[in-house]
Amino acid sequence: MALQFRELTISKAHDGYRSGNFTARQVVEYYLDRIQRLDKDASGPNLNSILAVSSTALAEADALDTHLKSTSSLKGSLHGIPVVIKDQADTADLTTTYGSIVAKDNVPKEDAALVAKLKAAGAIVLAKTTMPDWATSWHSTSSVSGVTKNPYDLTRDPGGSSSGTGTAVAADLGLVGIGEDTGGSIRLPSFFCGLVGLRCTPGTISRFGLSPLLVPQDTPGPMCRTVTDAALMLDVLAGFDERDPYTATAVISGPPKGGSYAANLSVGKIKSARLGILEGTLGPESDPACRSVNKVFNDTLQTLQDNGTTLVNVQLPDLAQILSLTFTYPQRSRSDLDAWFARHAFLKTDTKTIHDSKQYHPALDLFEDIALGPVTPERDPAFTSRLLARDRLQQAVVSLVAKYDLDALAFPDCQIAAPLLKDVLAQRWLAGKFPTNTLVASQSLMPAISVPAGLTQDGAGPSLPVGLELLGLPYREQTLLELAYGVEQIVAGRQPPPL
């Protein structure tokens, strides 16, 4: 029975439910068993990606099975789909820590907006997943959970800040997952763990009930094993919510063509696409870690070109400099976090208090920079120039797309594959120096998607996932999903981890 649940998709689960081949209870039992054996048991891989497991998941599954049997219809578009959720999102009656020891006993009374939408569509919230304190790292380092292991190599990190979701979905501990992306926190774990991860235009999905990091850049989104599942998840998650004013953009973007983000998925889009290959996003060939990523990326481009995709080499002038100028966490994040703490007075703390009491993981240099930053961004005389630089970055990205008639920009999400946990703990890279390319989309406030491109094959170490990032214009999530689907089908870059 377990074999038919391996790497299950939403449509396959629904086919099984409708045919009576299996039940939602059996699927939930499958995932609960894997969580115990692969994530919790010390005798197994002990992935450490799951923080809290729902005590009601089996009862919810039974109720859904009863509903289907009595009505011959599914409750909703995610009927019986077990989902794992980054611990940044509030879940009623299920511990939510935001990755911090400060909130280790916090049990929210209300679901985050996206959690409520998932439940209304029939999804089963299976578990909460690990993350670094307040989402302040490219890695999994957390004062609550320590570090999480990458299922492709247990000595490596799964990336952050949606660390646990990356590991759990890749290791088949849940059918689909939810992450959150401010600087790359969905796309980086997706790159390191062989997943499809979608960063939406901020405001596409409500952030109500999520702890913030940098409000203009914050956006939750799906992390899945297939593009189709990501599209079906977005159907449920997207939409206006008056509790998050940013979601007024839902009026601008409108509903997806065909009534679903999955309506027009085919290989035709990528075959006729024009992709701008962004210069300066590959690491040096002299570095073996970069060289192995470069090879997968270049092989993927060649495969796409052989199938009709037009590739255009493009530049963003002074890319490294403008990304440095538009990196505004140290100027603004303390203010955003403190405003959130003020609305959650029961935690009895603020950013500086957490810092001064050392109640955070010691490897979080970005959190330290944030906590010691200005109380409000207006107190930093350079903040205005940083916002003006962000405007220039946005204009430059849009101009590239217009000048070359591009469907998307393309580059690897990161210049190296998943780093060793020992290097993460030794702080080999400070936050502003980690060789990620995800900041391009984040700091220009653009949507982007990471899709598996293949595994490294350098012969000197384990085979590790590499992802292709596609960056599009605001509110063009459907186009990005269509392009990513073509990459997925033609390149077939995802291989399950060898657990």
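In the predicted model, aspartate 39 has a relative accessibility of 1% and therefore counts as buried, the limit being under 20%. The side chain of aspartate 39 meets that of lysine 40 in a salt bridge, with 3.6 Å from N to O. Lysine 40 has a relative accessibility of 34% and so counts as partly exposed.

Residues three or four places apart on an α-helix point the same way, because the helix has 3.6 residues a turn. Helix H2 comprises 17 residues, 24-40, and at 1.5 Å a residue should span 24 Å. The C-alpha atoms at its ends are 23 Å apart, in agreement with that expectation.

Leaving aside residues up to four places away in sequence, histidine 14 touches Leu74, Gly76, Ser77, Leu78, His79 and Ile81. Threonine 141 lies 127 residues from histidine 14 in sequence, and the two C-alpha atoms are 36 Å apart in space.

The strands were examined next. An open sheet of mixed pairing is formed by 11 strands, in the order S1-S3-S2-S4-S6-S5-S10-S11-S9-S7-S8. Strand S1 (50-53) and strand S8 (310-314) are the edge strands, each pairing on one side only. On average, and ignoring direction, neighbouring strands of the sheet are turned by 30 degrees against each other. Strands of a sheet pair through backbone hydrogen bonds, in a parallel or an antiparallel sense. Strand S5 (residues 196-199) and strand S10 (residues 448-455) show the antiparallel sense, pairing over three bridges. In this pair, glycine 197 stands opposite serine 450 in S10.

Helix H7 (residues 227-237) lies across a group of these strands, namely strand S2 (82-86), strand S4 (176-181), S5, strand S6 (219-224) and S10. The helix runs at about 145 degrees to S6. H7 also meets helix H4 (residues 113-120): the two axes come within 9 Å and cross at roughly 110 degrees. H4 and H7 are therefore roughly perpendicular to each other. On the H4 side the contact is made by Leu114, Lys117 and Leu118, and on the H7 side by Met233, Val236 and Leu237.

The structure holds 22 salt bridges. Side chains of opposite charge can pair when their charged atoms come close. In the salt bridge between arginine 187 and glutamate 469, the closest N and O atoms are 2.8 Å apart. Arginine 187 belongs to helix H6 (residues 187-193) and glutamate 469 to strand S11 (residues 465-471), so this pair ties together parts that are 282 residues apart in sequence. Arginine 187 is buried, at a relative accessible area of 0%, and glutamate 469 is likewise buried, at 0%.

A further salt bridge links the side chains of arginine 334 and aspartate 338, at 3.7 Å from N to O. Both residues lie in helix H12 (residues 329-343), four residues apart, which is about one turn of the helix. Arginine 334 is buried, with a relative accessible area of 12%, and aspartate 338 counts as buried at 18% relative accessibility.

Asparagine 437 is an example of a buried residue in a loop. The loop lies between helix H16 (421-425) and helix H17 (439-443), and the relative accessible area of asparagine 437 is 5%. With residues up to four places away in sequence not counted, asparagine 437 touches Thr281, Phe411, Pro412, Asp413, Cys414 and Gln415.

Note on methods: Residues numbered from 1 in each chain as written. Predicted model: local features only at pLDDT ≥ 70, side-chain atom pairs only at ≥ 80, totals over all residues. Heavy atoms only, no water. Pairing = 2+ DSSP bridges. Helix = DSSP H or I, 4+ residues; strand = E, 2+ residues; numbered from the N terminus. Axes fitted to C-alpha atoms, helices over the stretch in contact; angles between N-to-C directions. Contact = heavy atoms within 4.5 Å. Buried < 20%, exposed > 50% of the residue type's maximum accessible area, 1.4 Å probe, protein only. Expected span 1.5 Å × (residues − 1). Salt bridge = Lys/Arg side-chain N within 4 Å of Asp/Glu carboxyl O. Parallel < 35°, antiparallel > 145°, perpendicular 65-115°, else oblique.
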